[in-house]
Amino acid sequence: MLVLSLKELMLVFYKELGLPVCPGTILFMYLRPSTSYALEHDMIVSTFNTIVIPMLNPIVYNLRNKDNKTCVHGFILKGLTDSEEIQLVLSVLFLLIYLVTMLGNIGMVLTIHLDIQLHTPMYFFLRHPSFLDLCYSNVIMPKTLGNLVTSNKSISFTGCFTQMYFFILFGGAECFLLSFMAYDHYVAICNPLQYPVIMSSRLCSALLTETYMIGFMDSSVTMICMSRLHFCHSIVIHHFFCDTSPILALSCEDTFYTEIMAFIFVGSTLMVSLITISLSYVSIFCTILKIDSTLGKQKAFSTCASHLLRVIIFYSTVIFTYLKPTKSYSLGKDQVASVFYTIVILMLNPLIYSLRNKEVKNAFNRVMQKRDGSKVLRKQ
């Protein structure tokens, strides 16, 4: 009787049948008790296993294939400045921002997860922007900090495109997550009695899965188009991370069709999400104006204020940076905008939501009191 190990079985699938196998997602999905099934987590992992991996294969093979037309094996990230003194100041500043971002967003996720009173659709959506901010920050900041404190500013071709892939993925997901949060506010204010029925856990999980699927689609299409370009001139990226505009500027081929495809997918993501947000807030403001009580109006406005502030900051910088021709790319202006929405905003988001939201602050206090109480019980 022939017995194959898991590794040998994977090799058979990979080499003989040409099927991609992701052992991490397969083990997570199927080699565990059925009682541990969680709709939200399993839908996301299933999406990754059945949709994302097949989309990644052309990119992986194209980047790893020696017959690829690309002549370069890596790039050099120019960074924000050549001055060593300024680099030292920026490294300390960015490290502090990175730590505040990580602690703030982890604290937000844990507070919402641990406090049962926040297990509502509104805070379900509020938890995932913090998770996206954590992912965003870890895509950009480690390499940026490394380039500031060391003289080695090189990045491999595969590493650069991987960074850009996840950057676009989380950006696309963030756009639709913000639009679904606007829809959640719309239902809460305009249809408060039907809110628990409309915003069911199944709908919330479906909307969350859709956000990541859209991000995967945007990033995959963009990467497939860009990975086919021919880079044979300069390898210096005039930016502090691998972004589409400065990389397209390095290609020695005509990038018109690549720009059109990226513009269509990224632009449609921005426009559809913006239209959803705009329609939601038009309905919200019309409903608020009909409220007779001043206290009721203030409460309704306070519900939307934090989200609306985040939308304005995020979309203004993203539209300024991306919805324009690549030839109009300006090193100074675009880098400042990129620093703002890839580093600064990620630090401000947990502060905006926690400082303006009494329920989050009260929940944090309850979690800390439970933690202190458990310590006292252990001592006794």
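In this predicted model, the side chains of Glu174 and Arg310 form a salt bridge with an N to O distance of 2.3 Å. Glu174 belongs to helix 6 (residues 157–190) and Arg310 to helix 11, so this contact ties together parts that lie 136 residues apart in sequence. Both Glu174 and Arg310 are buried.

**Salt bridges**

- Arg310 also meets the side chain of Asp133 in a salt bridge, at 3.2 Å from N to O.
- Because Arg310 is in helix 11 (residues 294–322) and Asp133 is in helix 5, this pair connects parts 177 residues apart in sequence.
- Asp133 is buried, as is Arg310.
- Together, Asp133, Glu174 and Arg310 make up a network of salt bridges.
- Asp115 and Arg366 form another salt bridge through their side chains, with 2.9 Å between N and O.
- Asp115 sits in the loop between helix 4 (84–114) and helix 5 (121–149), while Arg366 sits in helix 13 (residues 358–379), so the pair ties together parts 251 residues apart in sequence.
- Asp115 has a relative accessibility of 2% and therefore counts as buried, whereas Arg366, with a relative accessible area of 24%, is partly exposed.
- The count of salt bridges comes to 4.

**Aromatic pairs**

- Across the whole structure, the search finds 18 aromatic pairs.
- One of them is the edge-to-face pair of Phe161 and Phe231, with 6.3 Å from centre to centre and 70° between the planes.
- This pair links distant parts of the chain, 70 residues apart: Phe161 is in helix 6, and Phe231 is in the loop between helix 8 (201–227) and strand 3 (236–237).
- Phe161 is buried at a relative accessible area of 2%, and Phe231 is buried at 0%.
- The ring centres of Phe167 and Phe241 are 4.9 Å apart and the planes stand at 55°, so this pair is classed as tilted.
- Phe167 is in helix 6 and Phe241 in the loop between strand 3 and helix 9 (244–248); the pair links distant parts of the chain, 74 residues apart.
- Phe167 has a relative accessible area of 4% and is buried; Phe241, at 0% relative accessibility, also counts as buried.
- Phe167 and Phe241 belong to a cluster linked by ring pairs, together with Tyr136, Phe240 and Tyr341.

Terms used. Residues are numbered from 1 along each chain as its sequence is written. This is a predicted model: local features need pLDDT of at least 70, side-chain atom pairs count only at pLDDT 80 or more; totals for chains, interfaces and linings use all residues. Side-chain values use heavy atoms; hydrogens and water are left out. Helices (H or I, at least four residues) and strands (E, at least two) are DSSP runs, numbered from the N terminus. Buried means under 20% relative accessible area, exposed over 50%, partly exposed in between (1.4 Å probe, protein chains only). Rings of Phe, Tyr and Trp (its six-membered ring) pair if their centres lie within 6.5 Å; planes under 30 degrees apart count as stacked, over 60 as edge-to-face and the rest as tilted.
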